Amino acid sequence: MEHIKKVLKGHSPYLIFLAIAESIISIVCTLAFVYADTLSYQDSVVFEAIGVEKLLESIYSSTWWALILLTLAFIAIFTITGIVYKRLEYNFISMLLWGEMLILAIDIGKPIADLLSVLALFVPIIIINIIAYNDEKKRLNKPTKKHPK
């Protein structure tokens with residue numbers, strides 16, 4: 001427990017929240033797709049209650065599922081790596097991957113309401129990532145007090 005406190009000490013609370021949220025999203029989406037892939041036709045009525053795979057299926061075409069799951073995993077991995085190694089580059093890559101997810105979700109052929117709903121989903125995530133990145137940048141560039149020997 002002390003090691004976890006030591007790693008998290010001095011980091012932005014926004015970044016810690018993002019790391020937890022992105023890890024949970026990645027795990028839940030992966031498990032939902034694995035479970036949905038193993039369902040028989042009769043079981044599919046029961047599984048509709050979760051709806052995570054239906055949300056992603058409505059945003060992305062089915063051919064993109066593997067790429068989306070891999071991208072979600074990379075986002076979570078880069079955010080956690082940025083926290084552990086205290087490097088902003090990993091957080092920046094994570095933020096760019098959310099932008100890639102937004103680009104993949106945009107479908108010109110769909111109605112404008114679908115585009116607005118996709119933007120309403122991704123713009124807040126990207127804004128929170130920018131806030132977390134800037135806050136972490138301030139915290140990492142802040143000079144530390146040196147104790148006299």
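Trainee: How do helix 6 and helix 7 pack?

Mentor: Helix 6 and helix 7 (residues 112-141) pack at an angle of about 170°, and their axes are 10 Å apart. Axes here are lines fitted to C-alpha atoms, for helices over the stretch in contact, and angles run from 0 to 180 degrees between N-to-C directions. Do keep in mind that this is a predicted model, in which local features need pLDDT of at least 70, side-chain atom pairs count only at pLDDT 80 or more, and totals for chains, interfaces and linings use all residues. Residues are numbered from 1 along each chain as its sequence is written, and side-chain values use heavy atoms, with hydrogens and water left out.

Trainee: What makes helix 6 and helix 7 roughly antiparallel?

Mentor: Angles over 145 degrees count as roughly antiparallel, under 35 as roughly parallel, 65 to 115 as roughly perpendicular and the rest as oblique. The angle is about 170°, so helix 6 and helix 7 are roughly antiparallel to each other.

Trainee: Which residues make that contact?

Mentor: Contact means heavy atoms within 4.5 Å. From helix 6 the residues include Leu 88, Phe 92, Met 95, Trp 98 and Leu 102, and from helix 7 they include Val 118, Phe 122, Ile 126, Asn 129 and Tyr 133. By class, the contact of helix 6 with helix 7 has 15 nonpolar, four polar and two charged residues. For these classes, Ala, Val, Leu, Ile, Met, Phe, Trp, Tyr, Cys and Pro count as nonpolar, Asp, Glu, Lys and Arg as charged, and the others, Gly among them, as polar.

Trainee: Why is Phe 122 called buried?

Mentor: Buried means under 20% relative accessible area, exposed over 50%, and partly exposed in between (1.4 Å probe, protein chains only). Phe 122, in helix 7, has a relative accessible area of 4%, so Phe 122 is buried.

Trainee: What makes Lys 86 partly exposed?

Mentor: Lys 86 has 43% relative accessibility, so Lys 86 counts as partly exposed. Lys 86 lies in the loop between helix 5 and helix 6. Its phi is near 50°, a positive value in a residue other than glycine.

Trainee: How many helices and strands are in the protein chain?

Mentor: The protein chain has seven helices and zero strands. Both are DSSP runs, numbered from the N terminus: helices are H or I with at least four residues, and strands are E with at least two. Of the 149 residues of the protein chain, 31% count as buried.
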